[in-house]
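Open the model in your viewer and keep the selection tool at hand. The stops below go from helix packing to a pocket.

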Amino acid sequence: MSLFTDDDSRVEQTVRRGGRRVGLLMMAVTVFGMLGLAILPSPYVIERPGPVIDTLGSVTVDGVDVPLIEIPDEPTYPTEGSLSLLTVNVLGNPENSPSWFEVMRAWVTPSQSVVPVDQVFPPGVSTEERREQSRIDMENSQQEAVAAALRAIGEPYESRLVVVDLLEGSPAADVIEPDDEIVAVNGVAVRDVTALRAEIARNGVGGAADVTIRRDGTEQSVSITPVLSEGTDRVPVIGVLIAGQYEFPIDVRIQLENVGGPSAGMIFALGIIDKLTPGSLSGGAEVAGTGTIAADGSVGRIGGVVQKMHGAVGVGADVFLAPLANCGEISGNIPGDLDVYPVATLNEAIAVLQAIESGAPTDDFARCGQ
């Protein structure tokens with residue numbers, strides 16, 4: 001005996017067909033959603049570890065292996081271990097940003113960081129301007145690394161600051177010209193890029209700075225009101241691209257292609273010192289490091305420090321030298337057994353390496369969350 005009438009059976013079949021349609025619809029929505037995540041661009045870029053390069057080793061330039069640091073006319077000494085600079089690779093740009101799927105994968109990958117695209121590629125700054133600034137920053141970091149290294153070993157030198165270019169619409173656009181030499185800010189002499197930035201920052205925004213320039217051999221004063229820079233680190237700027245021009249008693253050549261920015265400055269300086277002084281600065285340890293450098297030896301903050309620590313671990317580094325100003329990002333994010341030493345000056349970095357080389361305890365050195 002049947003428990004259902006024919007009408008009841010037809011209703012049940014209709015419900016089942018409707019359920020199947022809902023299931024197929026949900027499956028289609030899921031598939032199209034996943035396709036969207038894989039295809040649709042996001043407003044982010046992804047930072048991840050880039051190449052790691054030993055400053056004591058060689059690199060390929062125009063198809064030829066050459067020393068990364070070459071000091072052709074001076075006595076140099078054998079080195080041991082490594083002093084490696086670290087880089088960050090950026091996936092994406094304003095024209096071609098990563099998909100949401102790539103962003104979600106990066107969010108759960110400790111060695112990668114998801115950053116708003118405007119922080120890396122500030123609005124109003126063209127790709128060409130950004131590339132040129134990165135190139136100039138690298139050239140300046142190399143020059144300041146030589147200056148800091150020579151200062152550390154007691155070699156004097158002369159220096160001056162020359163305007164290479166001006167950013168479009170910058171506060172200095174109508175009063176400063178390329179090839180002008182910047183001599184002082186508000187009466188304070190500036191001999192390197194770091195000193196210039198410090199004086200502009202001290203002036204702040206909203207008030208005019210008295211900038212002394214030398215043009216065609218004649219000094220004059222011009223008034224410029226700084227504005228805040230674009231990007232993550234919004235600092236007072238006057239909108240000029242500056243190159244430090246030094247007169248060194250020693251010819252130091254740093255040969256490195258396709259790497260920009262200022263963050264290798266400290267490790268360049270350590271590599272120069274290691275080559276110019278007897279013994280091994282690192283004592284044979286595998287050392288990696290990052291940090292800007294000023295001619296006076298001060299070590300400055302850099303970006304992408306977490307990615308750089310992962311890059312150091314990836315090449316088997318034992319020791320990581322980092323700017324003290326980056327400690328907040330380092331604490332709690334140190335990968336593996338990497339020994340991280342924060343330093344504020346080149347002399348502090350040298351002291352850490354000398355302690356490691358001699359086997360002395362390093363517990364007295366400041367550590368970031370270790």
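How are H6 and H9 oriented to each other? Select helix H6 (residues 265-276) and helix H9 (residues 346-358). Their axes lie 11 Å apart, at an angle of about 60 degrees. H6 and H9 are therefore oblique (under 35 degrees is roughly parallel, over 145 roughly antiparallel, 65 to 115 roughly perpendicular, the rest oblique). Axes are lines fitted to C-alpha atoms, for helices over the stretch in contact, with angles from 0 to 180 degrees between N-to-C directions. Helices are DSSP runs of H or I, at least four residues, numbered from the N terminus.

This is a predicted model, where local features need pLDDT of at least 70, side-chain atom pairs count only at 80 or more, and totals for chains, interfaces and linings use all residues. Numbering starts from 1 along each chain as its sequence is written, and side-chain values use heavy atoms, leaving out hydrogens and water.

Now run along H4. Next, pick Gly154, which follows H4. Gly154 has a positive phi, near 85 degrees.

Last stop: the second largest pocket. Select its lining, including Arg151, Tyr157, Asp192 and Tyr246 (a pocket is an open set of points on a 1 Å grid over the protein atoms alone, where a 1.4 Å probe fits, with protein on both sides within 12 Å along at least five of seven lines; lining residues have an atom within 4 Å of a point).

Notes. Helix = DSSP H or I, 4+ residues; strand = E, 2+ residues; numbered from the N terminus.
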